[in-house]
Amino acid sequence: SNHGAVISNNKFMNNIISDVGGGYEIDAANLTSATAFDYNLYYNSVRTNKWRWNGINYTAFSGWKTASGQDAHGVNSDPLFVNGGARDFHLQNTSPAVNAGGFLTSTVGSGTNSTTIVVADPYWFTDGYGLDAGDAIQLAGQTASAVITAINYVSGTLTLSSPLTWANGQGVAFAYSGSAPDIGVYEYAGAASNSADVNNDGFVNIQDIQIVVKVITGTLTNS
């Protein structure tokens, strides 16, 4: 929201703002050209005036986009959380947020089977600061990912745990499933399977335990 401060050099991407009650989805002003909103999903089933830009209210998402020049790829729809009321913000498979996110930055130059990659904006990422594992990144059009082990924020160079190959200008995002990143904190990776249901009958019961015991003891037959 706007409290009179000038906001600069901020990028707001791939976020879900859903049912914020009495507040605006976005209330902003005094943004510099270096600040950008895009690939965000907004949903408010309660409030009429949902966006405010430079003190003017907008009820329609199209009005906010036209006035602000922001969120060209944004979505205005129910995110279809698994159970938002219980704070389970994973996405259902039919969520409009699936594969609707954007790539955070792009590569500078090309590389082949290399563990050092230069990106246009390294500030999206962290190497864990020695406290945790670094971010896992993935390139547009690829399925392989690699963990960042070090970052030179001056040169934009990421050092990776495993080699990747890329072309100049290729999109870079956090590791994702599907054709593109999802919007929101959780990446949809398909319905979870229950590995304890050994015989795949839809139940976890004594029959599954008996199979496991037979495998361990070498007495399992194909009968």
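A salt bridge here is a side-chain nitrogen of Lys or Arg within 4 Å of a carboxyl oxygen of Asp or Glu. I will start with those pairs, then go to the hairpins and one surface patch.

First, the ground rules. This is a predicted model, in which local features need pLDDT of at least 70 and side-chain atom pairs count only at pLDDT 80 or more, while totals for chains, interfaces and linings use all residues. Residues are numbered from 1 along each chain as its sequence is written, and side-chain values use heavy atoms, with hydrogens and water left out.

How many salt bridges does a search of the whole structure find? Two. In one, the side chains of R52 and D27 meet at 2.8 Å, N to O. R52 sits in strand β6 (residues 51–53) and D27 in strand β3 (residues 26–28), so this pair ties together parts that are 25 residues apart in sequence. Strands are DSSP runs of E, at least two residues, numbered from the N terminus. D27 is buried, because its relative accessible area is 13%; R52, at 27%, is partly exposed. Buried means under 20%, exposed over 50%, and partly exposed in between, with a 1.4 Å probe and protein chains only.

D121 forms a salt bridge with K11, and the closest N and O atoms are 3.4 Å apart. This pair links distant parts of the chain, 110 residues apart: D121 is in the loop between β12 (111–118) and β13, and K11 is in strand β1 (residues 11–13). D121 is buried at 17%, whereas K11 is partly exposed at 44%.

Now the hairpins. Two strands pair if DSSP finds at least two bridges between them. Strand β13 (residues 136–139) runs antiparallel to strand β14 (residues 145–152), with three bridges, and A136 stands opposite V147. Five residues lie between these strands, and G141 takes a positive phi near 80°. β14 also pairs with strand β15 (residues 157–166), antiparallel, over four bridges. There, I148 faces L160, and in the hairpin, with four residues between the strands, G156 has a positive phi near 80°.

Strand β9 (residues 81–83) and β10 pair antiparallel over two bridges, with F81 opposite L91. In that hairpin R87 takes a positive phi near 65°.

β10 (residues 88–91) also holds F89. Which residues form a nonpolar surface patch with F89? V185 and Y186, and the three together have about 290 Å² of accessible area, by the Shrake-Rupley method with a 1.4 Å probe, only the protein chains shown counting as cover for residues. Patch members have over 30% relative accessible area and no salt bridge; nonpolar side chains (Val, Leu, Ile, Met, Phe, Trp, Tyr) are joined within 5 Å, like charges within 9 Å. F89 counts as partly exposed, because its relative accessibility is 32%.
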